[in-house]
Amino acid sequence: CGVKTIVTIHDLLVFRYPHLYSPGYRKLFAAKMSYATRVADRIIAISEQTKRDIITYLQADERKISVVYQGCSRIFHEPVTAQKIAQVRAAYSLPQEYILYVGALEERKNLHTLIEALAEAQVTLPLVLVGGESAYGRELQQQASRSGVAIQILSGVPQADLPAIYKEAALFVYPSIFEGFGIPILEALTVGTPVLTSTGGCFAEVGGEAALYADPAKPEEIATQIVKILSDPSLREQMTAHGHEQAEKFTDERVAANLLRVVQSVKVLSR
(Lines give C-alpha, C1' and ligand atoms only; values in the text may rest on other atoms or scores of the structure.)
Protein backbone atom coordinates (compact mmCIF):
# COMPACT_ATOMS: atom_id res chain seq x y z
CA CYS A 1 0.00 0.00 0.00
CA GLY A 2 3.05 2.26 -0.06
CA VAL A 3 2.88 3.27 3.61
CA LYS A 4 6.33 3.94 5.07
CA THR A 5 7.17 2.26 8.37
CA ILE A 6 9.42 2.99 11.33
CA VAL A 7 10.22 0.42 14.03
CA THR A 8 11.71 1.20 17.44
CA ILE A 9 13.93 -1.40 19.12
CA HIS A 10 14.77 -0.95 22.78
CA ASP A 11 17.16 -3.84 23.34
CA LEU A 12 18.08 -7.29 22.12
CA LEU A 13 18.63 -8.89 25.50
CA VAL A 14 17.05 -12.11 24.25
CA PHE A 15 20.05 -12.62 21.96
CA ARG A 16 22.64 -11.65 24.59
CA TYR A 17 21.15 -13.63 27.47
CA PRO A 18 19.03 -16.41 25.94
CA HIS A 19 19.10 -18.43 29.17
CA LEU A 20 16.83 -15.82 30.78
CA TYR A 21 13.99 -16.51 28.33
CA SER A 22 11.93 -19.53 27.31
CA PRO A 23 12.68 -21.25 23.97
CA GLY A 24 9.24 -20.30 22.65
CA TYR A 25 9.68 -16.63 23.49
CA ARG A 26 13.19 -16.58 21.96
CA LYS A 27 11.92 -18.06 18.71
CA LEU A 28 8.97 -15.66 18.46
CA PHE A 29 11.05 -12.62 19.38
CA ALA A 30 13.75 -13.47 16.82
CA ALA A 31 11.18 -13.92 14.06
CA LYS A 32 9.42 -10.63 14.87
CA MET A 33 12.64 -8.62 15.10
CA SER A 34 14.09 -10.10 11.91
CA TYR A 35 10.93 -9.30 9.98
CA ALA A 36 10.55 -5.81 11.43
CA THR A 37 14.11 -4.73 10.70
CA ARG A 38 13.96 -6.17 7.19
CA VAL A 39 10.76 -4.45 6.06
CA ALA A 40 10.97 -1.16 8.01
CA ASP A 41 12.06 1.94 6.14
CA ARG A 42 13.76 3.28 9.26
CA ILE A 43 14.86 1.67 12.52
CA ILE A 44 15.08 3.66 15.73
CA ALA A 45 17.53 2.42 18.35
CA ILE A 46 17.32 3.96 21.81
CA SER A 47 21.12 3.95 22.26
CA GLU A 48 24.31 3.46 20.29
CA GLN A 49 24.67 0.14 22.12
CA THR A 50 21.29 -1.03 20.84
CA LYS A 51 22.25 0.12 17.34
CA ARG A 52 25.40 -2.02 17.48
CA ASP A 53 23.35 -4.99 18.67
CA ILE A 54 20.82 -4.56 15.86
CA ILE A 55 23.66 -4.70 13.34
CA THR A 56 25.36 -7.63 15.08
CA TYR A 57 22.39 -9.87 15.84
CA LEU A 58 19.97 -8.96 13.05
CA GLN A 59 22.41 -7.99 10.30
CA ALA A 60 20.34 -4.86 9.71
CA ASP A 61 21.41 -2.20 7.24
CA GLU A 62 23.25 0.41 9.31
CA ARG A 63 22.07 3.16 6.95
CA LYS A 64 18.49 2.54 8.09
CA ILE A 65 19.24 2.94 11.80
CA SER A 66 18.89 6.20 13.73
CA VAL A 67 19.65 6.61 17.43
CA VAL A 68 16.97 8.50 19.34
CA TYR A 69 17.62 8.59 23.06
CA GLN A 70 14.80 8.31 25.55
CA GLY A 71 13.81 10.77 28.23
CA CYS A 72 12.07 10.44 31.56
CA SER A 73 8.75 11.67 32.89
CA ARG A 74 8.34 15.40 33.43
CA ILE A 75 7.58 14.67 37.07
CA PHE A 76 11.32 14.24 37.68
CA HIS A 77 11.98 17.78 36.41
CA GLU A 78 9.57 19.35 38.89
CA PRO A 79 10.74 20.66 42.29
CA VAL A 80 10.19 18.26 45.18
CA THR A 81 8.59 20.07 48.10
CA ALA A 82 9.53 19.59 51.73
CA GLN A 83 5.93 18.53 52.35
CA LYS A 84 6.19 15.78 49.72
CA ILE A 85 9.49 14.58 51.13
CA ALA A 86 8.04 14.38 54.65
CA GLN A 87 4.98 12.55 53.33
CA VAL A 88 7.04 9.99 51.41
CA ARG A 89 9.49 9.46 54.26
CA ALA A 90 6.62 8.70 56.61
CA ALA A 91 4.73 6.51 54.13
CA TYR A 92 7.69 4.18 53.51
CA SER A 93 9.55 4.55 56.83
CA LEU A 94 12.66 5.59 54.92
CA PRO A 95 15.98 5.62 56.78
CA GLN A 96 17.58 8.99 57.51
CA GLU A 97 20.30 8.19 54.92
CA TYR A 98 20.27 5.42 52.37
CA ILE A 99 21.63 4.04 49.11
CA LEU A 100 18.99 3.59 46.44
CA TYR A 101 18.24 1.28 43.54
CA VAL A 102 15.12 1.54 41.36
CA GLY A 103 14.14 -1.08 38.79
CA ALA A 104 13.15 -4.69 38.34
CA LEU A 105 14.39 -7.14 40.94
CA GLU A 106 15.85 -9.77 38.64
CA GLU A 107 19.18 -11.51 38.10
CA ARG A 108 20.32 -9.29 35.21
CA LYS A 109 20.23 -6.25 37.48
CA ASN A 110 23.19 -7.69 39.43
CA LEU A 111 21.96 -6.64 42.85
CA HIS A 112 23.58 -9.62 44.55
CA THR A 113 26.95 -8.13 43.57
CA LEU A 114 25.90 -4.77 44.99
CA ILE A 115 25.08 -6.40 48.33
CA GLU A 116 28.42 -8.21 48.24
CA ALA A 117 30.14 -4.86 47.62
CA LEU A 118 28.34 -3.16 50.53
CA ALA A 119 29.33 -6.00 52.84
CA GLU A 120 32.94 -5.86 51.67
CA ALA A 121 33.13 -2.09 52.21
CA GLN A 122 31.28 -2.38 55.53
CA VAL A 123 28.91 0.37 54.48
CA THR A 124 26.40 1.00 57.25
CA LEU A 125 23.87 2.94 55.18
CA PRO A 126 20.78 0.83 54.40
CA LEU A 127 20.10 -0.22 50.82
CA VAL A 128 16.60 0.68 49.63
CA LEU A 129 15.42 -1.30 46.59
CA VAL A 130 12.33 -0.06 44.75
CA GLY A 131 10.90 -2.81 42.56
CA GLY A 132 8.23 -5.45 42.22
CA GLU A 133 8.08 -8.53 44.40
CA SER A 134 10.04 -11.47 43.02
CA ALA A 135 11.84 -14.65 44.00
CA TYR A 136 15.11 -12.85 43.28
CA GLY A 137 14.11 -10.11 45.71
CA ARG A 138 13.58 -12.70 48.43
CA GLU A 139 17.00 -14.18 47.67
CA LEU A 140 18.51 -10.71 48.05
CA GLN A 141 16.90 -10.32 51.47
CA GLN A 142 18.41 -13.62 52.59
CA GLN A 143 21.83 -12.66 51.21
CA ALA A 144 21.70 -9.28 52.95
CA SER A 145 20.74 -10.92 56.24
CA ARG A 146 23.70 -13.30 56.01
CA SER A 147 26.07 -10.46 55.02
CA GLY A 148 24.96 -8.00 57.67
CA VAL A 149 23.71 -5.48 55.09
CA ALA A 150 20.59 -3.51 55.99
CA ILE A 151 18.07 -3.76 53.18
CA GLN A 152 14.56 -2.48 52.58
CA ILE A 153 12.44 -3.47 49.57
CA LEU A 154 9.60 -1.19 48.48
CA SER A 155 7.01 -2.63 46.09
CA GLY A 156 4.03 -0.98 44.46
CA VAL A 157 5.50 2.52 44.67
CA PRO A 158 3.57 4.97 42.48
CA GLN A 159 5.62 7.14 40.14
CA ALA A 160 4.46 10.28 41.96
CA ASP A 161 6.51 9.23 45.00
CA LEU A 162 9.71 8.37 43.13
CA PRO A 163 11.23 11.88 42.78
CA ALA A 164 11.21 12.34 46.56
CA ILE A 165 12.67 8.86 47.12
CA TYR A 166 15.45 9.62 44.62
CA LYS A 167 16.12 13.08 46.03
CA GLU A 168 16.53 11.90 49.61
CA ALA A 169 19.03 9.16 48.68
CA ALA A 170 22.70 9.75 49.42
CA LEU A 171 23.60 7.74 46.33
CA PHE A 172 21.83 5.92 43.50
CA VAL A 173 23.51 2.70 42.38
CA TYR A 174 22.54 0.93 39.17
CA PRO A 175 24.85 -2.11 38.85
CA SER A 176 23.00 -3.76 35.96
CA ILE A 177 24.91 -6.09 33.65
CA PHE A 178 23.23 -4.75 30.52
CA GLU A 179 20.45 -2.39 29.41
CA GLY A 180 19.06 -0.88 26.25
CA PHE A 181 19.16 2.59 27.81
CA GLY A 182 18.73 2.84 31.59
CA ILE A 183 15.94 5.29 32.41
CA PRO A 184 16.46 5.08 36.22
CA ILE A 185 19.94 6.55 35.71
CA LEU A 186 18.40 9.52 33.95
CA GLU A 187 15.72 9.89 36.62
CA ALA A 188 18.36 10.08 39.34
CA LEU A 189 20.49 12.57 37.40
CA THR A 190 17.45 14.74 36.74
CA VAL A 191 16.51 14.87 40.41
CA GLY A 192 20.12 15.58 41.38
CA THR A 193 21.16 12.36 43.08
CA PRO A 194 24.77 11.17 42.58
CA VAL A 195 24.89 8.07 40.35
CA LEU A 196 27.18 5.05 40.31
CA THR A 197 26.54 2.63 37.48
CA SER A 198 28.25 0.01 35.34
CA THR A 199 31.09 0.26 32.86
CA GLY A 200 30.44 -0.88 29.30
CA GLY A 201 27.18 -1.09 27.38
CA CYS A 202 24.94 1.95 27.16
CA PHE A 203 25.53 3.28 30.66
CA ALA A 204 28.05 6.00 29.81
CA GLU A 205 25.71 7.19 27.05
CA VAL A 206 23.20 8.10 29.74
CA GLY A 207 25.46 9.03 32.65
CA GLY A 208 28.19 10.82 30.70
CA GLU A 209 30.75 12.55 32.90
CA ALA A 210 28.13 13.17 35.59
CA ALA A 211 28.18 9.58 36.89
CA LEU A 212 30.91 7.34 38.23
CA TYR A 213 31.37 3.79 36.98
CA ALA A 214 32.50 0.38 38.18
CA ASP A 215 32.91 -3.05 36.60
CA PRO A 216 29.63 -4.84 37.45
CA ALA A 217 31.50 -8.12 37.80
CA LYS A 218 33.87 -6.76 40.46
CA PRO A 219 32.29 -6.12 43.87
CA GLU A 220 35.56 -4.69 45.16
CA GLU A 221 35.48 -2.02 42.44
CA ILE A 222 31.84 -1.18 43.20
CA ALA A 223 32.74 -0.97 46.90
CA THR A 224 35.64 1.42 46.23
CA GLN A 225 33.45 3.77 44.21
CA ILE A 226 30.65 3.73 46.81
CA VAL A 227 33.06 4.66 49.60
CA LYS A 228 34.64 7.34 47.40
CA ILE A 229 31.30 9.03 46.78
CA LEU A 230 29.88 8.70 50.29
CA SER A 231 33.05 10.01 51.95
CA ASP A 232 33.41 13.14 49.80
CA PRO A 233 30.64 15.76 50.15
CA SER A 234 32.28 18.05 47.57
CA LEU A 235 32.32 15.20 45.04
CA ARG A 236 28.61 14.56 45.64
CA GLU A 237 27.86 18.26 45.12
CA GLN A 238 29.84 18.21 41.89
CA MET A 239 28.04 15.08 40.70
CA THR A 240 24.67 16.68 41.47
CA ALA A 241 25.53 19.78 39.42
CA HIS A 242 26.85 17.74 36.51
CA GLY A 243 23.83 15.47 36.76
CA HIS A 244 21.47 18.36 36.09
CA GLU A 245 23.59 19.37 33.09
CA GLN A 246 23.66 15.83 31.72
CA ALA A 247 19.88 15.46 32.12
CA GLU A 248 19.35 18.46 29.84
CA LYS A 249 20.54 16.30 26.93
CA PHE A 250 17.43 14.12 27.30
CA THR A 251 14.60 16.62 27.63
CA ASP A 252 11.25 15.99 25.94
CA GLU A 253 12.04 18.75 23.47
CA ARG A 254 15.29 17.13 22.37
CA VAL A 255 13.77 13.67 22.17
CA ALA A 256 10.85 15.01 20.13
CA ALA A 257 13.13 16.94 17.75
CA ASN A 258 15.27 13.84 17.13
CA LEU A 259 12.19 11.71 16.57
CA LEU A 260 10.73 14.28 14.18
CA ARG A 261 13.93 14.23 12.10
CA VAL A 262 13.53 10.47 11.62
CA VAL A 263 9.88 10.87 10.60
CA GLN A 264 10.78 13.64 8.16
CA SER A 265 13.51 11.49 6.61
CA VAL A 266 10.88 8.81 5.92
CA LYS A 267 8.56 11.41 4.40
CA VAL A 268 11.35 12.37 2.02
CA LEU A 269 11.63 8.73 0.96
CA SER A 270 7.91 8.61 0.13
CA ARG A 271 8.01 11.52 -2.31
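Val173 stands opposite Leu196 in β8, where strands are DSSP runs of E with at least two residues and helices are runs of H or I with at least four, both numbered from the N terminus. The model is predicted, so that local features need pLDDT of at least 70 and side-chain atom pairs count only at pLDDT 80 or more, while totals for chains, interfaces and linings use all residues. Residues are numbered from 1 along each chain as its sequence is written, and side-chain values use heavy atoms, with hydrogens and water left out.

Strand β7 (residues 171-174) runs parallel to strand β8 (residues 195-198) and is joined to it by three bridges; two strands count as paired if DSSP finds at least two bridges between them. Both strands belong to an open sheet of six, with parallel pairing and the order β6-β5-β4-β7-β8-β9. Because β6 (151-154) and β9 (212-214) each have a single partner strand, they stand at the edges, and one side of each is left without a neighbour in the sheet. On average, neighbouring strands of this sheet are turned by 25 degrees against each other, direction ignored.

Across β4 (99-102), β5 (127-130), β6 and β7 lies helix α5 (residues 111-121), which runs at about 170 degrees to β5. Such angles run from 0 to 180 degrees between N-to-C directions, and the axes are lines fitted to C-alpha atoms, for helices over the stretch in contact, with contact meaning heavy atoms within 4.5 Å.

Other helices show how residues are covered. In helix α3 (residues 48-58), Gln49, Thr50, Lys51, Asp53, Ile54 and Leu58 are buried, a word that means under 20% relative accessible area, whereas exposed means over 50% and partly exposed lies in between (1.4 Å probe, protein chains only). The cover over these buried residues of α3 includes β1 (6-9), α1 (13-16), α2 (23-39), β2 (42-45), β3 (65-67) and α9 (203-207). Just after α3, Gln59 takes a positive phi of about 50 degrees.

Thr190 has its place in helix α8 (residues 183-191). Is Thr190 buried or exposed? Thr190 is buried, because its relative accessible area is 8%. Leaving aside residues up to four places away in sequence, Thr190 touches Cys72, Phe76, His77, His244 and Ala247.

Leu260, by contrast, lies in helix α12 and is partly exposed, because its relative accessible area is 47%.
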